[in-house]
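Biologist: I would like to learn how to read helix packing and loop geometry in a model. Could you take me through one, contact by contact?

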Amino acid sequence: MCTCRDIPECVYDAPTVEEGEKFAAQAFPAALELFYRRKRAIIPLPSPLQEGEIPIRVPTRVQGKILLWNYMIENRYRLSDLSRLLNISATQVQRFVDLSKDGASMEAIDDALDVLGAHFTLTLQKR
């Protein structure tokens, strides 16, 4: 059985560790979408790994969308606010926070953060 300490709703069976990692990478964005974004809740950021835990690779674009989403929730912005500030359609703005699809570039997410008064700070970590 595979679980995620930070996202307790994310539980599934996998016969091997490799299959568990593969399934987690595919299912994780959709689980976040279902359990947090649809409820307008802050998405928990990862805790430091504990002994025996295996990290889930979250694509950079999904990480950016999570940071944008959390910033919007923390500061009480709605998607309609972002649409108005960027002068783009609600459909386009929806792509900025849709965690299970690739509809927005990192530059677009960065532009969205910019009009909200925030910016990214990227770091690199060795595995």
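Modeller: K65, L68, W69 and M72 in α2 meet R95, F96 and V97 in α4. By class, this contact of α2 with α4 divides into 5 nonpolar, no polar and 2 charged residues. Keep in mind that this is a predicted model.

Biologist: How do α2 and α4 lie relative to each other, parallel or perpendicular?

Modeller: Read the angle between the axes. For α2 and α4 it is about 110 degrees, and the axes are 7 Å apart. Angles of 65 to 115 degrees count as roughly perpendicular. α2 and α4 are therefore roughly perpendicular to each other.

Biologist: Now α2 and α5. At what angle do they pack?

Modeller: The angle is about 15 degrees, with the axes of α2 and α5 10 Å apart. Under 35 degrees counts as roughly parallel. So α2 and α5 are roughly parallel to each other. Their crossing is left-handed.

Biologist: Which residues of α2 and α5 meet?

Modeller: From α2 come T60, R61, G64, K65, L68 and Y71. From α5 come M106, I109, A112 and L113. This contact of α2 with α5 has 6 nonpolar, 2 polar and 2 charged residues.

Biologist: And α3 with α5: how far apart are the axes, and at what angle do the helices pack?

Modeller: The axes of α3 and α5 are 10 Å apart, at an angle of about 95 degrees. L82, L85 and L86 of α3 make the contact with D111, A112 and V115 of α5. Those residues divide into 5 nonpolar, no polar and 1 charged.

Biologist: What is the general idea behind a nonpolar core?

Modeller: In soluble globular proteins, nonpolar side chains tend to be buried together. Here, the largest nonpolar core has 30 residues. L32, L68, L82 and F96 touch the most other members. Two or more residues each come from α1 (17-35), α2 (60-74), α4 (90-97) and α5 (106-115). α2 gives the most, with 6 residues.

Biologist: Take L68. Which residues does it touch beyond four places away in sequence?

Modeller: L68 touches L82, F96, V97, I109, A112, L113 and L116. Two of the helix contacts also include L68. It is one of the α2 residues that meet α4, and one of those that meet α5.

Biologist: What about N87: where is it, and what is its phi?

Modeller: N87 is in the loop between α3 and α4. Its phi is near 55 degrees, again positive in a residue other than glycine. N87 has 70% relative accessibility, so N87 counts as exposed.

Biologist: Where is A118, and is it buried or exposed?

Modeller: A118 is in the segment after α5. Under 20% counts as buried. At 14% relative accessibility, A118 is therefore buried. Setting aside neighbours within four places in sequence, A118 contacts Y71 and L113. A118 and Y71 are 47 residues apart in sequence, with 8.3 Å between their C-alpha atoms.

Biologist: One last residue. What does I54 touch?

Modeller: I54 touches V17, E21 and L49, not counting residues up to four places away in sequence. I54 sits in the loop between α1 and α2. With a relative accessible area of 45%, I54 is partly exposed. C4 is 50 residues from I54 along the chain, and the C-alpha atoms of the two are separated by 9.6 Å.

Note on methods
Residues are numbered from 1 along each chain as its sequence is written. This is a predicted model: local features need pLDDT of at least 70, side-chain atom pairs count only at pLDDT 80 or more; totals for chains, interfaces and linings use all residues. Side-chain values use heavy atoms; hydrogens and water are left out. A nonpolar core is a set of buried Ala, Val, Leu, Ile, Met, Phe, Trp, Tyr and Cys residues joined through side-chain atoms within 4.5 Å. Buried means under 20% relative accessible area, exposed over 50%, partly exposed in between (1.4 Å probe, protein chains only). Helices (H or I, at least four residues) and strands (E, at least two) are DSSP runs, numbered from the N terminus. Contact means heavy atoms within 4.5 Å. Axes are lines fitted to C-alpha atoms, for helices over the stretch in contact, and angles run from 0 to 180 degrees between N-to-C directions. Angles under 35 degrees count as roughly parallel, over 145 as roughly antiparallel, 65 to 115 as roughly perpendicular and the rest as oblique. A crossing is left-handed if the near helix is turned anticlockwise from the far one by less than a right angle, and right-handed if clockwise. Ala, Val, Leu, Ile, Met, Phe, Trp, Tyr, Cys and Pro count as nonpolar, Asp, Glu, Lys and Arg as charged, and the others, Gly among them, as polar.
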